[in-house]
Amino acid sequence: KKAKRLKKIALFDLSKNKTNILNYDTKTRNMIKRNLNNTVEFKKIDNQNFDHKQFILFKENYINSMIEKKAKKFYFFNEAYFDRMVLLIKSDKAFLINAFHNDKIIAGAIFLYSHYISYYHLSFQKKYPGIMNTIIYKSTLILQKKNKKFLVLGGGNLNSDDDNLLKFKIKMSNMVNYFYLESKIFNEKIYKQICNKIGIKKPKKLFFYRDHE
């Protein structure tokens, strides 16, 4: 069996000097300006100033956010994966931005990069207006200095233009692209067993993109 699906993703073109805050809509622009000018503190953790405590703080809050969302076990990363994230940061292939308000962490995100492309990877946020918009904005400035050409923000949870996550990413991007998800099923019986084991009721929409034990 073969399955192919077209998926919309949001990207930020970093090569055309479009990281100016004025390129965002009025509401987003105002939230970013407010977060940059008030008591929010942003900490960048990279190969130059790696702070293991900051990484652990991010990891714990990311995992807690997944638990609060009642995500299935399938969507959780194992410890080995986070260990590799540390290695990527230390080898100048990723960086982390944590945001604090009144000394309490309110958001964080990891960005990966290789050659000229970068990726918005893991993130969490608490209820604080525009905080992830601001983190993404700050990441575009960092990545532009690293001479990266694109920041891939990715798609939504659903294959629909009405998906809220996709809408958020498009708001923070300056271009949209598409890619195909394609899979081959060689043993349908085993495939269905896997779906049943992880609790997926619609096998045709099963996508493996997590690292598991």
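Start with the salt bridges: the structure holds three of them, each being a side-chain nitrogen of Lys or Arg within 4 Å of a carboxyl oxygen of Asp or Glu. You are looking at a predicted model, in which local features need pLDDT of at least 70 and side-chain atom pairs count only at pLDDT 80 or more, while totals for chains, interfaces and linings use all residues. Residues are numbered from 1 along each chain as its sequence is written, and side-chain values use heavy atoms, with hydrogens and water left out.

**Stop 1: Lys44 and Asp46.** Select these two and you will find their side chains joined in a salt bridge, 3.3 Å from N to O. Asp46 is buried at 6% relative accessible area, whereas Lys44 is partly exposed at 35%. (Buried means under 20% relative accessible area, exposed over 50%, and partly exposed in between, with a 1.4 Å probe and protein chains only.)

**Stop 2: Lys59 and Glu79.** Next, show this pair, whose closest N and O atoms are 3.0 Å apart in a salt bridge. Lys59 sits in helix 2 (residues 52-68) and Glu79 in helix 3 (residues 79-90), so the contact ties together parts that are 20 residues apart in sequence. Helices here are DSSP runs of H or I with at least four residues, strands are runs of E with at least two, and both are numbered from the N terminus. Lys59 is buried at 12%; Glu79 is partly exposed at 45%.

**Stop 3: Lys146 and Asp92.** Now move to the salt bridge between these side chains, at 3.3 Å from N to O. Lys146 is in the loop between helix 4 (131-145) and strand 6 (150-154), and Asp92 is in the loop between helix 3 and strand 3 (94-101), so this pair links parts that are 54 residues apart in sequence.

**Stop 4: the strands.** Colour strand 4 (residues 104-114) and strand 5 (residues 117-125), which pair in the antiparallel sense over seven bridges; strands count as paired if DSSP finds at least two bridges between them. The two form a hairpin with two residues between them, and His115 in the turn has a positive phi of about 55 degrees. Which residue of strand 5 is the bridge partner of Tyr113? Click on Ser118. Ser118 also stands opposite Leu151 in strand 6, where strands 5 and 6 pair in the parallel sense over three bridges.

**Last stop: Tyr178.** Finally, select Tyr178 in strand 7 (residues 175-184). Tyr178 is partly exposed, at 46% relative accessibility.
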